[in-house]
Amino acid sequence: MKKYDKKLISAELNQRITEFDHLEQSIIRLASKNDLPTGIGYNQLQIYTSGREKFADLFEDIKNARKFVHANYYIINDDRLGDQFMRLLTKKAAEGVEVRLIYDRMGCRNLSRYSIYKLEDAGGKAVPFAPFVLI
(Lines give C-alpha, C1' and ligand atoms only; values in the text may rest on other atoms or scores of the structure.)
Protein backbone atom coordinates (compact mmCIF):
# COMPACT_ATOMS: atom_id res chain seq x y z
CA MET A 1 0.00 0.00 0.00
CA LYS A 2 1.33 3.41 -0.95
CA LYS A 3 1.72 5.84 1.94
CA TYR A 4 0.97 9.48 1.38
CA ASP A 5 2.78 12.30 3.10
CA LYS A 6 -0.02 14.28 4.76
CA LYS A 7 2.15 17.39 5.07
CA LEU A 8 2.91 17.33 1.33
CA ILE A 9 -0.74 16.84 0.46
CA SER A 10 -1.76 19.60 2.88
CA ALA A 11 0.79 21.98 1.34
CA GLU A 12 -0.51 21.25 -2.17
CA LEU A 13 -4.08 21.67 -0.98
CA ASN A 14 -3.30 25.07 0.56
CA GLN A 15 -1.64 26.19 -2.68
CA ARG A 16 -4.46 25.09 -4.96
CA ILE A 17 -7.56 25.73 -2.87
CA THR A 18 -8.01 29.24 -4.26
CA GLU A 19 -8.71 27.67 -7.68
CA PHE A 20 -12.11 26.55 -6.37
CA ASP A 21 -15.26 28.47 -5.48
CA HIS A 22 -16.45 28.82 -1.87
CA LEU A 23 -18.67 25.70 -1.85
CA GLU A 24 -15.94 23.54 -3.39
CA GLN A 25 -13.40 24.92 -0.88
CA SER A 26 -15.71 23.94 1.99
CA ILE A 27 -16.10 20.40 0.67
CA ILE A 28 -12.35 20.03 0.09
CA ARG A 29 -11.54 21.26 3.60
CA LEU A 30 -14.13 18.93 5.12
CA ALA A 31 -12.73 15.97 3.18
CA SER A 32 -9.17 16.85 4.09
CA LYS A 33 -9.95 17.11 7.81
CA ASN A 34 -11.62 13.68 7.71
CA ASP A 35 -8.88 11.93 5.70
CA LEU A 36 -11.11 11.57 2.64
CA PRO A 37 -10.05 12.15 -0.98
CA THR A 38 -9.96 15.79 -1.96
CA GLY A 39 -10.23 17.58 -5.30
CA ILE A 40 -6.49 17.79 -5.80
CA GLY A 41 -4.01 15.65 -7.64
CA TYR A 42 -5.71 13.31 -10.10
CA ASN A 43 -9.14 13.64 -8.55
CA GLN A 44 -11.91 15.79 -9.95
CA LEU A 45 -14.76 17.42 -8.12
CA GLN A 46 -17.93 18.42 -9.93
CA ILE A 47 -20.89 19.81 -8.00
CA TYR A 48 -24.24 19.53 -9.77
CA THR A 49 -27.27 21.60 -8.98
CA SER A 50 -29.30 20.09 -11.81
CA GLY A 51 -30.18 16.42 -12.18
CA ARG A 52 -30.46 16.89 -15.94
CA GLU A 53 -26.81 17.99 -16.18
CA LYS A 54 -25.63 15.33 -13.72
CA PHE A 55 -27.23 12.43 -15.59
CA ALA A 56 -26.18 13.78 -19.00
CA ASP A 57 -22.56 13.79 -17.80
CA LEU A 58 -22.92 10.43 -16.04
CA PHE A 59 -24.34 8.75 -19.15
CA GLU A 60 -21.62 10.27 -21.31
CA ASP A 61 -18.96 9.00 -18.88
CA ILE A 62 -20.49 5.51 -18.95
CA LYS A 63 -20.56 5.53 -22.77
CA ASN A 64 -16.88 6.52 -22.83
CA ALA A 65 -15.74 3.98 -20.20
CA ARG A 66 -13.07 1.60 -21.48
CA LYS A 67 -11.91 -0.28 -18.36
CA PHE A 68 -14.57 -0.11 -15.67
CA VAL A 69 -17.78 1.46 -14.39
CA HIS A 70 -18.36 1.27 -10.64
CA ALA A 71 -21.64 2.73 -9.41
CA ASN A 72 -23.32 2.96 -6.02
CA TYR A 73 -26.94 4.12 -5.96
CA TYR A 74 -29.60 4.35 -3.30
CA ILE A 75 -32.51 4.78 -5.68
CA ILE A 76 -32.93 3.39 -9.18
CA ASN A 77 -36.51 3.26 -10.40
CA ASP A 78 -38.16 1.45 -13.29
CA ASP A 79 -38.66 4.67 -15.18
CA ARG A 80 -37.11 6.28 -18.25
CA LEU A 81 -34.01 7.43 -16.36
CA GLY A 82 -33.48 4.15 -14.51
CA ASP A 83 -34.03 2.14 -17.69
CA GLN A 84 -31.50 4.24 -19.60
CA PHE A 85 -28.96 3.84 -16.77
CA MET A 86 -29.39 0.06 -16.59
CA ARG A 87 -29.28 -0.31 -20.40
CA LEU A 88 -26.00 1.64 -20.54
CA LEU A 89 -24.45 -0.46 -17.77
CA THR A 90 -25.59 -3.66 -19.50
CA LYS A 91 -24.20 -2.51 -22.86
CA LYS A 92 -20.80 -1.70 -21.33
CA ALA A 93 -20.70 -5.07 -19.54
CA ALA A 94 -21.47 -6.81 -22.85
CA GLU A 95 -18.55 -4.90 -24.41
CA GLY A 96 -16.22 -6.40 -21.80
CA VAL A 97 -15.97 -3.35 -19.55
CA GLU A 98 -15.93 -4.28 -15.85
CA VAL A 99 -19.28 -3.10 -14.47
CA ARG A 100 -20.07 -3.21 -10.76
CA LEU A 101 -23.28 -1.86 -9.28
CA ILE A 102 -24.03 -1.61 -5.58
CA TYR A 103 -27.64 -0.71 -4.93
CA ASP A 104 -29.85 -0.22 -1.90
CA ARG A 105 -32.44 -2.98 -1.89
CA MET A 106 -35.07 -0.78 -0.21
CA GLY A 107 -34.37 2.31 -2.34
CA CYS A 108 -34.38 0.20 -5.52
CA ARG A 109 -37.45 -1.86 -4.65
CA ASN A 110 -39.18 -0.49 -7.77
CA LEU A 111 -36.34 -1.62 -10.05
CA SER A 112 -37.25 -4.79 -11.89
CA ARG A 113 -35.19 -7.88 -11.14
CA TYR A 114 -35.10 -8.39 -14.91
CA SER A 115 -32.86 -5.29 -15.26
CA ILE A 116 -30.44 -6.78 -12.74
CA TYR A 117 -30.52 -10.19 -14.46
CA LYS A 118 -29.79 -8.61 -17.84
CA LEU A 119 -26.80 -6.76 -16.37
CA GLU A 120 -25.47 -9.93 -14.76
CA ASP A 121 -26.07 -11.99 -17.93
CA ALA A 122 -23.99 -9.44 -19.84
CA GLY A 123 -21.11 -9.95 -17.39
CA GLY A 124 -21.77 -7.15 -14.92
CA LYS A 125 -22.01 -7.56 -11.17
CA ALA A 126 -24.85 -6.19 -9.06
CA VAL A 127 -24.91 -6.46 -5.28
CA PRO A 128 -27.63 -5.14 -2.98
CA PHE A 129 -26.85 -3.64 0.40
CA ALA A 130 -29.23 -3.28 3.33
CA PRO A 131 -31.22 -6.33 2.24
CA PHE A 132 -34.68 -6.84 3.69
CA VAL A 133 -34.66 -8.86 6.88
CA LEU A 134 -37.94 -10.09 8.32
CA ILE A 135 -37.94 -10.52 12.06
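Mentor: Buried means under 20% relative accessible area. Keep that cut-off in mind for this predicted model.

Trainee: Does Lys92 count as buried, partly exposed or exposed, and what is its relative accessibility?
Mentor: The cut-off for buried is under 20% relative accessible area. Lys92 falls below that cut-off, so it counts as buried, with a relative accessibility of 3%.

Trainee: Which residue forms a salt bridge with Lys92?
Mentor: Look for a carboxyl oxygen within 4 Å of the side-chain nitrogen. The closest N and O atoms are 2.8 Å apart. The partner of Lys92 is Glu95.

Trainee: Which residues are joined with Glu95 into one network?
Mentor: Glu95 also meets Lys91 in a salt bridge, at 2.8 Å from N to O. Lys91 is partly exposed at 49%, and Glu95 is partly exposed at 44%. Glu98 and Arg100 form a salt bridge at 3.4 Å. Shared partners join Glu95 into one network with Lys91 and Lys92.

Trainee: How many salt bridges does a search of the whole structure find?
Mentor: Among them are Lys91 with Glu95 and Glu98 with Arg100. The search of the whole structure finds four.

Trainee: Which helix holds Asp57 of the negative surface patch?
Mentor: The patch is formed by Glu53, Asp57, Glu60 and Asp61. Patch residues need over 30% relative accessible area. Asp57 has 36%, so it counts as partly exposed. Asp57 is found in residues 51-64, helix α3.

Terms used: Residues numbered from 1 in each chain as written. Predicted model: local features only at pLDDT ≥ 70, side-chain atom pairs only at ≥ 80, totals over all residues. Heavy atoms only, no water. Patch = residues over 30% accessible without salt bridge, like charges linked within 9 Å, V, L, I, M, F, W, Y side chains within 5 Å. Areas by Shrake-Rupley, 256 points an atom, 1.4 Å probe, with all protein chains shown as cover. Lys, Arg positive; Asp, Glu negative; His and termini not counted. Charge placed at Lys NZ, Arg CZ, Asp CG, Glu CD. Helix = DSSP H or I, 4+ residues; strand = E, 2+ residues; numbered from the N terminus. Buried < 20%, exposed > 50% of the residue type's maximum accessible area, 1.4 Å probe, protein only.
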